[in-house]
Amino acid sequence: MEQIRAEGLTLGYGCKEVVKGVDLTIRKGEFLSIIGPSGVGKSTLLMGINATTSIMGGSLKVLGKDVGSIRHNDLKALRARLGVIFQGFNLVSRLSVLDNIASGMLHRKPLLSALFKHYTHLQYEELYEYMKVVGIENEALSRCDRLSGGQKQRVAIARAIAQHPEVILADEPISSLDPVSARTVLETLKNANERYGITVIANLHQLDYAREFCSRVVGLNAGRIVYDGHPSKLCQSTVAEIYACPTAKAQQERKVHHFPFSPAAASAV
Ligand SMILES: Nc1ncnc2c1ncn2[C@@H]1O[C@H](COP(=O)(O)OP(=O)(O)OP(=O)(O)O)[C@@H](O)[C@H]1O
Ligand SMILES: [Mg+2]
């Protein structure tokens, strides 16, 4: 089943185009990673799917909704179906692990019980299951500001799962984690993908992990898709093409020619 369809999609900020004319279709149950050099629009594309960057051209359908023309209430309902894991975790630091994960269930709970953090027996059982999935159950009552980065990342994933999303958007979910925590976090996402059938779209900088965990890799460069396929088909020349950085090269050349105190300029004097 098709969940996301971008056609000639251009996204950006103000009048600056960042994602340029992208065609992309994502189906339910895929574990897709977006790779590419820094600044090419990976986060912008993820945030576009979450309807937080403006569409400058083309069209984008997410879970059957046309993001370009979506209205306020429909947008709220759409976002409730998307679990977003931000790079900075976005946890409430003074709340416990349990309460942070439970905040993912907010849209499914009556307002008063949400406000007073009152959970039914069934909800406790459900929360315990999510904590076990991410292996954080022994820290249930710990405040989030007392957790390590890897533990926080796992709480953020559990919160996204508690939301019962159809799609998880994870922006560099393993950046700044040690290799063991990084692996645990990716295994957790894979588990959510296989166990609950949640589609996962993750921005990754680590090719080895993309190869090991993902069913599909999209390579982005300068806002355009330059690779879309199975990770096993990523050969060296394709990787080189994805990571070729024309912008940086151009900037480098500009610096050499115009920076008045560059070694080249100094020796010419
Ligand atoms: N809020 C914003 N306002 C204006 N420009 C932005 C904004 N966010 C990002 N950009 C610009 O859009 C471009 C792409 O940024 P984006 O964060 O999508 O890149 P990225 O591929 O995720 O990079 P990284 O790998 O470093 O996270 C960059 O040139 C960036 O400066
Ligand atoms: Mg980014």
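In which sense do E6 and strand E7 pair, and over how many bridges? I started my notes on this predicted model there. E6 and E7 (residues 167–171) run in the parallel sense, with four bridges between them.

I read an open sheet of six strands with mixed pairing, in the order E6-E7-E8-E3-E9-E10. Strands E6 (82–85) and E10 (224–229) are at the edges with a single partner strand each, so one side of each lacks a neighbour in the sheet. On average, neighbouring strands are turned by 15° against each other, direction ignored.

Then I checked which helices lie on the sheet. I found H6 lying across E6 and E7, at about 170° to E6. Helix H9 (residues 236–243) packs on the sheet too, touching E3 (31–35), E9 (216–221) and E10, and its direction makes about 155° with that of E10.

I followed H6 (residues 149–162) to H5 (residues 121–134): their axes come within 9 Å and cross at roughly 135°. That makes H5 oblique to H6, and the crossing is right-handed. The contact includes Leu 127 and Tyr 130 from H5, and Arg 154 and Ile 157 from H6. By class, I noted nine nonpolar, no polar and one charged residues there.

Terms used: Residues are numbered from 1 along each chain as its sequence is written. Chains are lettered from A and ligands numbered from 1 in the order in which they are written. This is a predicted model: local features need pLDDT of at least 70, side-chain atom pairs count only at pLDDT 80 or more; totals for chains, interfaces and linings use all residues. Axes are lines fitted to C-alpha atoms, for helices over the stretch in contact, and angles run from 0 to 180 degrees between N-to-C directions. Helices (H or I, at least four residues) and strands (E, at least two) are DSSP runs, numbered from the N terminus. Angles under 35 degrees count as roughly parallel, over 145 as roughly antiparallel, 65 to 115 as roughly perpendicular and the rest as oblique. A crossing is left-handed if the near helix is turned anticlockwise from the far one by less than a right angle, and right-handed if clockwise. Two residues are in contact if their C-beta atoms, placed from the backbone, lie within 7 Å. Ala, Val, Leu, Ile, Met, Phe, Trp, Tyr, Cys and Pro count as nonpolar, Asp, Glu, Lys and Arg as charged, and the others, Gly among them, as polar. Two strands pair if DSSP finds at least two bridges between them.
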